[in-house]
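Have the viewer open as you read.

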Amino acid sequence: MHEIGMCDGLRDLIDQKAAGRRITSVRLRVGARHAVVNEGFDQAFALVADGTAAQGAVLDLVVTPATVACHVCGRKSESTDALAVCPRCHAADVEVTGGDELVLESLRFGLSWEEGTGVPGRPR
Ligand SMILES: [Zn+2]
């Protein structure tokens, strides 16, 4: 469950943005290479958000694709599959770039969305 670690990094950021307000929805952009499972992420988020302003908030996950560059046929394409192969020739000899972001895209307080919240630290 690496999702918990990912959510953990978001908690402080979310708390800061909330500034005491109650959060009803959280929209996250997650790169395909994190290979998160919706359900797993929901659970992890619920655990981490417990006791914060985002407790009980609805999580809206947007998976962003990675770029797959094929070394065999030279094609570049986008994939939301973490174990990418070339969609044209199915070669596994590919270079995957991007798709590793984790961005808190927006928060919803009551009925209004708030934009632009930034990127939490990435543990590496
Ligand atoms: Zn190919």
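## The nonpolar cores

In the largest nonpolar core, which has 17 residues, the members that touch the most others are Cys 7, Ile 14, Ile 23, Val 26, Phe 45 and Ala 54. A nonpolar core here is a set of buried Ala, Val, Leu, Ile, Met, Phe, Trp, Tyr and Cys residues joined through C-beta atoms within 7 Å. Buried means 20 or more other C-beta atoms within 10 Å of the residue's own, exposed means 12 or fewer, and partly exposed lies in between, with C-beta atoms placed from the backbone. Two or more residues of this core come from each of α1, β1 (23-31) and α2, and α2 gives the most, with five residues. Leaving aside residues up to four places away in sequence, Phe 45 touches Cys 7 and Leu 59. There is also a second, separate core of seven residues, including Cys 70, Ala 84, Cys 86 and Val 94.

Please keep in mind that this is a predicted model, where local features need pLDDT of at least 70 and side-chain atom pairs count only at pLDDT 80 or more, while totals for chains, interfaces and linings use all residues. Residues are numbered from 1 along each chain as its sequence is written.

## The chain and its helix pair

The protein chain has two helices and seven strands, in the order α-β-α-β-β-β-β-β-β. These are DSSP runs numbered from the N terminus: H or I of at least four residues for helices, E of at least two for strands. Of the 124 residues, 23% count as buried.

How do the two helices meet? Helix α1 (residues 2-18) packs on helix α2 (residues 38-49) at about 45°, and their axes are 9 Å apart. That makes α1 oblique to α2, oblique being what remains after under 35 degrees (roughly parallel), over 145 (roughly antiparallel) and 65 to 115 (roughly perpendicular). Glu 3, Ile 4, Cys 7, Asp 8 and Arg 11 of α1 meet Gly 40, Phe 41, Ala 44, Phe 45, Leu 47 and Val 48 of α2, a contact being C-beta atoms, placed from the backbone, within 7 Å.

## Two positive phi angles

Neither residue in the table is a glycine.

| Residue | Phi | Loop | C-beta atoms within 10 Å |
|---|---|---|---|
| His 90 | about 65° | between β4 (76-79) and β5 (94-97) | 11, exposed |

Methods. Axes fitted to C-alpha atoms, helices over the stretch in contact; angles between N-to-C directions. Contact = placed C-beta atoms within 7 Å.
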